[in-house]
Amino acid sequence: MTNGNHDGQDSHNGHDGTGGDSGSDGTGSGRESVPSRQRRRFPGISSRAYEHPADRSALVALRKLSGFDTVFKALSGLLPERSLRLLFLSDSVRVSDAQFAHLNVMLRDACYILDLEKVPPMYVTQDPKPNAMCIGLDEPIIVVTTGLVELLDEEEMRAVVGHEVGHALSGHAVYRTILLFLTNLALKVAWIPLGNVAIMAIVTALREWFRKSELSADRAGLLVGQDLQASMRGLMKIAGGNHLHEMNVDAFLEQAEEYEAGGDLRDSVLKILNVLPRSHPFTTVRAAELRKWAATRDYQRIMDGHYPRRQEDKDTSVSDSFRQSASSYADTVRNSKDPLMKLVTDIAGGAGDLGGKLRGRFTGQGGGESSERPGGDGPSEGPGEK
C-alpha cells in the first residue's frame, strides 16, 4: 500500500530539481542542519547507468541456476506479501508528511532525481541495528531501522535513501524478498537430512548476486546525494559507529587495500569463507569500490547528462552486457592484489614453476618470485583514488 498522495507527480512538486530540503530541522532533535543546494536530476535514467557489471552478470548466472525458475515461479505465488505489508503497516511507522517528515522529503527527492515515477512506501521499524532494505514482489517497499536513522546525519541518510531507491529502480526487491524467505526456510528444514541442500544452493547464489547488487545501489546513492564524502562517512559509521572524530576516510580505505593485498592463499580462502554467509560486501570494500567509481569517466558522464535511458532498455544487447561483465571481471583479476587472484593471473599468463608459486603463496614466502610481482604496474601503485 502507498500513501494516497505519494504518486509520481506529487513527489515532484515543490522541489524544482533542487534535490534538497529546507535544511532546517526546527524540531530541536539535534539533527544536523544542511542548507539546500542544487542537485542534478537524471530524467529517464536506466539502471544500466549505475549497475555494477558484476551485479548484472551475477543475476544472469542466478537465473541460469538449475531449478531457480521453478522456485521463483512457485514462490511468486506463495510468498505472503500482503501479510508482509500489513505487518509493517501495523507495527512500524510509515514515513509521510506527518511522520519522519525529513525522511519523506529525502525519499521524494531521491525518486525525483532518479526519475522513479511511483514513490515506494517507506517505514521506520524499531531495531537498534543499523539497516535498510527494499523488498516486495508486486511493488517495492523500503524499510529503515531506528538504529540507522539515529546513526546518520542528513546527508549520509540521503545517500542511504538513494541506495534503496536504486534497488527499487533496478528491480532488486523481488529477489531480495525471495532471499529473505528462502533463508528462513533453510533454517526451518535444516534438521531434515539433505532437506536444505537444494535451498542453500539457491540461497548461496542469491547472496552472491545480492552482494554485487549492493555495489550498484551504493552508486545510485551517490547519484542521489551527490556528496562522496557523505557516502564515505555513512559507510564508516555503519562499520565503526557514531565516532567520526575517531575515524579517517583515508585510513578506512587503507584497510580495504590491506584486506585485499594481505596474507597468502590461505587468507584468500578464508576471505571467501567469511563472505559466503553475508548478504552485503564488507564495508571497507564497498567504500573503496564507490570511491573508485566516483573517479571514473563513467560517473562524470552521468553527471554531465550522458547516460543510458530506460526507453533504450528493450534494445540493449545481451551479448554486449556479457562482454562488459567479462571485461570487468578480467580487469578485477588483472589488477587485484589478492594472492589467489595473482596466482590466477600467473597461470593464465603461462608463468613457470607453478609448484613453487603455490608453495610460496600458501606460506606467504614469495622467495625469488617477489621481484616478479607486478607491483610496478600503474593500477597496483596505491588505491587508485586519483
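Predicted model: local features only at pLDDT ≥ 70, side-chain atom pairs only at ≥ 80, totals over all residues.
How many residues does helix 10 have, and how far does it reach from its first C-alpha to its last? Residues are numbered from 1 along each chain as its sequence is written, and side-chain values use heavy atoms, with hydrogens and water left out.

**View 1. Helix 10 and its ends.** Helix 10 (residues 228-240) has 13 residues and reaches 18 Å from its first C-alpha to its last, close to the 18 Å expected at 1.5 Å a residue; the expected span is 1.5 Å times one less than the number of residues. Helices (H or I, at least four residues) and strands (E, at least two) are DSSP runs, numbered from the N terminus. At the start of helix 10, the backbone nitrogen of Q229 lies within 3.2 Å of a side-chain oxygen of D227. Just after the helix, G241 adopts a positive phi of about 85 degrees. A230, S231, M232, G234, L235, M236 and K237 are the buried residues of helix 10, where buried means under 20% relative accessible area (1.4 Å probe, protein chains only).

**View 2. Helix 10 against helix 13.** The axes of helix 10 and helix 13 (residues 283-294) come within 9 Å and cross at roughly 170 degrees. Axes are lines fitted to C-alpha atoms, for helices over the stretch in contact, and angles run from 0 to 180 degrees between N-to-C directions. The two helices, helix 10 and helix 13, are therefore roughly antiparallel to each other (angles over 145 degrees). Helix 10 contributes L228, S231, M232, L235 and A239 to the contact, and helix 13 contributes T283, R286, A287, L290, R291 and A294; contact means heavy atoms within 4.5 Å.

**View 3. Strand 2 between its partners.** Strand 2 (residues 122-125) is covered on both faces, with M122 and V124 buried on one side and Y123 and T125 buried on the other. Strand 1 (residues 93-94) pairs with strand 2 in the antiparallel sense over two bridges, and V93 stands opposite V124. Strand 2 and strand 4 (residues 141-145) pair in the parallel sense over four bridges, with M122 opposite I142. Pairing requires that DSSP find at least two bridges between two strands.

**View 4. The enclosed helix 5.** Eleven of the 13 residues of helix 5 are buried, so this helix is largely enclosed by the rest of the structure. Among the buried residues are H102, L103, M106, R108 and Y112. Just after helix 5, D115 takes a positive phi of about 55 degrees.

Key:
Buried < 20%, exposed > 50% of the residue type's maximum accessible area, 1.4 Å probe, protein only. Polar contact = N/O pair within 3.5 Å; in protein donor to acceptor, adjacent residues only side chain to side chain. Parallel < 35°, antiparallel > 145°, perpendicular 65-115°, else oblique.
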